[in-house]
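Here is a friendly walk through a few features of the fold. Have the viewer open and follow along.

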Amino acid sequence: MRDPYDVLGVSRQASEADIKKAFRKLAKEYHPDQNKDPKAGAKFAEVNSAYEILGDAGKRKQFDRGEIDAEGKPRFRGFEGFGGGGAGRGAGGGGFGGFEGFEGFARGARGAGGGSADDLFSQIFGEAFRQAEARGAGGGAGPGGFGGFSGARGPGGGAGRRASAKGEDVSATMTVTLEEMAAGATKRVSLPTGREVEVMVPKGVSDGQTIRLRGLGHPSALGEPGDVLLTVEIAPHERFAKEGADLRVRVPVDLADAVLGASVRVPTLTGAVDMKVPPMSSGGRAFRLRGKGLPTKTGTGDLLAVLEIRLPEEADEGLLDYARRVRGVKTA
């Protein structure tokens, strides 16, 4: 991965606010739901990974000191001094001097920062054997060759193939409010892998929609990391009921306003609006406020305002007389 400062386009002296501002701008630009360029997904993942380093004060200091790499993993220093006195840096004495460039290869192995050299080789070459076995003996290399390594040749002289084992995908959920669904937002989400990332919620996201965060899943010893499959869940709302792209809301109206007509305030996701109630409006009557629902790819839903008649706490004699006449009750 590239230097995270270069990815976000900020200097090494940039403030936390500048880094966050740059991340949000790039995340919005490259989000796969907003950018249809096939390469946008990879750039979006790269931006997220860069912010994972620079957006965390501790990790940023570690990176600046050279203690971790651009992926947040401890830097592998090679096999200096491996095996004690007989294994020096030079070629003599059976040393591993030729492996000084092994850092990039070993970096993908789990536990590369600790454990014995035998553990490290077991992880790396064990993965290679599993890949070769999955493709069949040889796997493009000569008989008995290591087909998982680019440029490796088996005894038969056949050219090896580069390993392409991808890490495991991870499933997670993200809860979104109706307000965030309507306007779009940026949320910080804790992933099952232990990482925290900021995810841009696209305007009009639907319940059950899956957002793919590329490269943020489980790592692989020899290939690219897996993805995170983030399923969107819309949280229940205390006031609005969701019906597809439409919303339904109950609007209390005084009896006098329902009988004589009035202008009432109706709540929406973006603020209250005025609605005219005609005279003699019955309870349960629904009024459609167009364009006040949820956004979709093709437009915006409506808001259904349902009248709820609110009776007075104490009925006067006129109201009681009216009720008796309607029910045919004779008065004394």
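## The open sheet

Two strands count as paired if DSSP finds at least two bridges between them. Keep in mind that this is a predicted model. With that rule in hand, take Ala 241, which stands opposite Arg 248 in β7. Three bridges join β6 to strand β7 (residues 246–254), and the two run antiparallel.

This pair belongs to an open sheet of four strands, ordered β6-β7-β11-β10, with mixed pairing. At its edges stand β6 (241–243) and β10 (286–289); each has a single partner strand, so one side of each is left without a neighbour in the sheet. From one strand to the next, the twist averages 35°.

## A hairpin with an enclosed strand

Next, look at strand β2 (residues 185–190), which is joined to β3 by six bridges, the two running antiparallel. One of the pairings sets Ser 190 against its bridge partner Glu 196 in β3. The two strands form a hairpin with five residues between them, and Gly 194 in the turn has a positive phi of about 95°.

Is β3 enclosed or open? Five of the six residues of strand β3 (residues 196–201) are buried, so β3 is largely enclosed by the rest of the structure.

## Two packed helices

Helix α2 (residues 16–30) packs against helix α3 (residues 40–54) at an angle of about 165°, their axes 9 Å apart. That makes α2 roughly antiparallel to α3, because angles over 145 degrees count as such. The crossing of α2 past α3 is left-handed.

Residues making the contact include Phe 23 and Leu 26 of α2, and Phe 44 and Val 47 of α3. By class, the α2 contact with α3 has ten nonpolar, two polar and two charged residues.

Methods: Residues numbered from 1 in each chain as written. Predicted model: local features only at pLDDT ≥ 70, side-chain atom pairs only at ≥ 80, totals over all residues. Heavy atoms only, no water. Axes fitted to C-alpha atoms, helices over the stretch in contact; angles between N-to-C directions. Buried < 20%, exposed > 50% of the residue type's maximum accessible area, 1.4 Å probe, protein only. Parallel < 35°, antiparallel > 145°, perpendicular 65-115°, else oblique. Left-handed = near helix turned anticlockwise from the far one by under 90°. Contact = heavy atoms within 4.5 Å. Nonpolar A, V, L, I, M, F, W, Y, C, P; charged D, E, K, R; others polar.
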